[in-house]
Amino acid sequence: INKDATCVCDGEHHFVDDGANCVCDQKFYYKDDTCLACPLGCLTCTSDAECQTCNEGLEIRDNVCKCINGDEFLDQDGTCKKCSDTIKYCVLCNDAQHCQACQAGINRELKNDKCECVDKYFPDEADVCQPCSIPGCLECESFSVCRTCDTANFWELDSLTQKCRCMRNYTQYEDSCIKCAIGCARCDPTECVDCDEYNHWV
């Protein structure tokens with residue numbers, strides 16, 4: 001905006017004097033006679049979607065300013081924060097709520113934007129992922145309590161013991177459920193214990 005000797009730039013609306021004209025201050029861009037805010041982290045920009053220069057400690061990627069360190073994200077206060085400070089075990093994130101990658105080698109994987117124990121592991125009191133040792137269990141609550149059994153391999157949850165048992169017509173052999181002989185409702189690995197009377201076997 002051109003100015004003469006009697007003009008005072010409107011600082012309240014982010015205009016500053018560059019010596020010849022009233023221009024938008026840093027972190028703002030000019031549009032329709034107004035100074036509008038640049039995207040977060042931008043020192044100068046041409047629009048609300050394209051940065052020209054960034055604040056210290058940031059770099060331009062995909063036309064916006066992002067933290068130089070890959071394990072950090074740009075917080076709403078304009079500072080870089082470690083992903084793991086807001087999302088435990090996260091090493092790459094977009095913001096404080098959405099993780100993109102988890103720390104390797106600790107039996108965790110990305111689930112619902114967080115780093116949770118992989119299948120067949122559960123977090124102990126120290127939040128370390130421990131293997132679930134209950135046969136047939138996919139999701140453990142503790143070393144002795146199962147939440148979800150592997151129904152695809154014929155395991156079902158026993159509500160009394162909170163462990164997995166083989167479904168009807170199957171028996172446990174080591175850590176697997178194997179099918180009983182035809183006509184057998186309950187068996188052990190070597191012989192039939194009860195015939196399937198419901199289906200007229202005797």
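Biologist: Is Cys102 buried or exposed?

Modeller: Buried. This is a predicted model, and Cys102 comes out at 18% relative accessibility. Buried means under 20%, so Cys102 counts as buried.

Biologist: What is Cys102 joined to?

Modeller: Cys115, through a disulfide. The S to S distance is 2.2 Å.

Biologist: Which parts does that pair tie together?

Modeller: Cys102 lies in strand S12, residues 99-102. Cys115 lies in strand S14, residues 114-117. So the pair ties together parts that are 13 residues apart in sequence.

Biologist: And Cys115, buried or exposed?

Modeller: Buried, at 6% relative accessibility.

Biologist: Which hand does the link of Cys102 and Cys115 have?

Modeller: Left-handed, with -100 degrees about the S-S bond.

Biologist: Zooming out, how many disulfides does the structure hold?

Modeller: 16. One of them joins Cys24 to Cys35, with S to S at 2.1 Å. Cys24 is in strand S2 (residues 22-24) and Cys35 in strand S4 (residues 34-37), so this pair ties together parts 11 residues apart in sequence.

Biologist: Why is the disulfide of Cys24 and Cys35 called left-handed?

Modeller: Because the torsion about its S-S bond is about -95 degrees. Cys24 is buried at 17% relative accessible area. Cys35 is buried too, at 7%.

Biologist: New topic. What does Cys184 pair with?

Modeller: Cys192, with S to S at 2.1 Å. The torsion about that S-S bond is about 105 degrees, so the disulfide is right-handed.

Biologist: How accessible are the two ends, Cys184 and Cys192?

Modeller: Cys184 is buried, at 3% relative accessibility. Cys192 is partly exposed, at 37%.

Methods: Residues numbered from 1 in each chain as written. Predicted model: local features only at pLDDT ≥ 70, side-chain atom pairs only at ≥ 80, totals over all residues. Heavy atoms only, no water. Disulfide = S-S within 2.5 Å. Helix = DSSP H or I, 4+ residues; strand = E, 2+ residues; numbered from the N terminus. Buried < 20%, exposed > 50% of the residue type's maximum accessible area, 1.4 Å probe, protein only.
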